[in-house]
Amino acid sequence: MREAATGTQVTVMGWVRTRRDSKQVSFVAMNDGSTVANLQIVIDTANADEETLKRITTGACLSVKGQLVESQGKGQSVEVQAQSIEVLGDSDATYPLQKKGHTWEFLRDTAHLRPRTNTFGAVFRIRNQMAFAIHKFFHDKGFVYFHTPLITSSDCEGAGQMFQVTTLDLENLPKNQEGKTDYTQDFFGRRTSLTVSGQLEGELAATALGAIYTFGPTFRAENSNTPRHLAEFWMIEPEMAFYDIKDNMDLAEEFIKFCVQWALDNCMDDLEFLNKMIDKELIERLKFVTTHDFVRLPYTEGIKILEDAVAKGRKFEFPVFWGADLASEHERYLVEEHFKKPVILTDYPKEIKAFYMKQNEDGKTVRAMDVLFPRIGEIIGGSEREADYGKLMQRIEELNIPMKDMWWYLDTRRYGSCPHSGFGLGFERLILFVTGMANIRDVIPFPRTPGRAEF
């Protein structure tokens, strides 16, 4: 609250974080979730209702009427001298978030309450600001916000690790003449799944509307328990007609710098808290990203740098060779140790990239681009898309992708094909970077991981 408001009568509502008592005075730290800072409520216990005082415990919800005054103590500029207190909601002694240290795993087990902690309050307020920044960036550039389906019959990535959607009775599945599940009796008349990406539909929109972006949940049924993977996460996927790979890289760099700068401009209180409690280099790292150009490095040169490092004694868990799909440790070496700045890696071998990426003239590489960040590794993945019908058909046939699922996608190459590009940003990976948190499960309100879907 502004100091100019001191001397006024106020009504404040929020939850008790802590309470400490001294002679005839109770000091209650209250928070309504709008800021990391608590508001101190000063209660004259000699004049307060004894039964009400007993109910003022950690986690309780209060409505307090009183006078806003300059604080006589340290830690806050103003406080409220309570005149009347109403307990809106009691909190009994089993409240899990008592004033003590809690492990990250414990807080994941109490995900329904963890937004009340200082750390998660800060993380989720920053997440909110980042979502707004994303929409603002694309809206100001004239992009169309396009909604792509969550239920799909195609596998954009070709990985096959998708969550199936069905209304069939799993205890009594209908069978066809071949003895396989008869999906013609399913709700959609075919096998469907939750989407892994809105990109293919986004490409259709870009070839009609010019420049679009999607922003929504995506799903991957990978049995992975790493600190960088979720089964349900949010993706931002712009697709732009008439963009080549350079235009794509320029936009990706501008976009992510805009988001980071937005956090610095609009979330500083929360960033300062996280800088103090979670990662003491956080703000410095965020400022560094916004003020330095990203290195643009062909994959082949990146492999040579990594091979030179191995020759000089650098140990990696995974092998380095041309054609390898780089691991996070390789990406972070390039970013954190060799260049000491973000890197956009380009021109990957076509064998390790998706079928829709535009092939280079060498016949071996594609116009892919991955943005690599410190601590995160890959934060953005994208490419110029293959616009040539014949080349795209050849690639689909090489990978044995069922044509029955791709006819509509191929139509964009038959009817007025154009150069176009796009990329995908995993929203939670952006939040990981901006908050300094170490585990992706701690930057989404209710993480979905193998064996975990309690809330």
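Predicted model: local features only at pLDDT ≥ 70, side-chain atom pairs only at ≥ 80, totals over all residues.
Q: How are helices α5 and α12 oriented to each other: parallel, antiparallel, perpendicular or oblique?
A: Helix α5 spans residues 245-266, and helix α12 spans residues 427-435. They pack at an angle of about 45°, with their axes 11 Å apart. Angles under 35 degrees would count as roughly parallel, and 65 to 115 as roughly perpendicular. The two helices are therefore oblique.

Q: Is the crossing of α5 and α12 left-handed or right-handed?
A: The helices meet at an angle of about 45°. Their crossing is right-handed.

Q: Which class do the residues of the contact of α5 with α12 fall into: nonpolar, polar or charged?
A: From α5 come Ile256, Cys259, Val260 and Ala263. From α12 come Leu430, Phe433 and Val434. No polar and no charged residues take part; the contact has 7 that are nonpolar.

Q: Which element gives the most to the largest nonpolar core?
A: The largest nonpolar core has 63 residues. Met130 and Leu271 have the most contacts inside it. The top contributor gives 11 residues, and that element is α5.

Q: Which residues does methionine 130 touch, not counting residues up to four places away in sequence?
A: Met130 is one of the residues with the most contacts inside the largest nonpolar core. Helix α5 covers residues 245-266 and α12 covers 427-435. The residues touched are Cys259, Trp262, Ala263, Phe427, Leu430, Ile431 and Val434.

Q: How many residues are in the second, separate core?
A: This core includes Val295, Leu306, Val320 and Met406. It is separate, and its count is 31 residues.

Q: What covers the buried residues of α11?
A: Helix α11 runs over residues 407-414. Its residues Tyr409, Leu410, Asp411, Thr412 and Arg413 are buried. The cover includes α4 (199-209), α10 (389-398) and β16 (420-426).

Q: Is proline 238 buried or exposed?
A: Proline 238 lies in strand β11, residues 232-241. Its relative accessible area is 0%. Buried means under 20%, so proline 238 is buried.

Q: Which residues is proline 238 in contact with, leaving aside its neighbours within four places in sequence?
A: Strand β11 holds proline 238. Strand β16, at 420-426, takes in some of the partners' positions in sequence. The partners are Phe138, Phe143, Ile212, Tyr213, Ser421, Gly422 and Phe423.

Key. Residues numbered from 1 in each chain as written. Heavy atoms only, no water. Axes fitted to C-alpha atoms, helices over the stretch in contact; angles between N-to-C directions. Helix = DSSP H or I, 4+ residues; strand = E, 2+ residues; numbered from the N terminus. Parallel < 35°, antiparallel > 145°, perpendicular 65-115°, else oblique. Left-handed = near helix turned anticlockwise from the far one by under 90°. Contact = heavy atoms within 4.5 Å. Nonpolar A, V, L, I, M, F, W, Y, C, P; charged D, E, K, R; others polar. Buried < 20%, exposed > 50% of the residue type's maximum accessible area, 1.4 Å probe, protein only. Core = buried A, V, L, I, M, F, W, Y, C linked by side-chain atoms within 4.5 Å.
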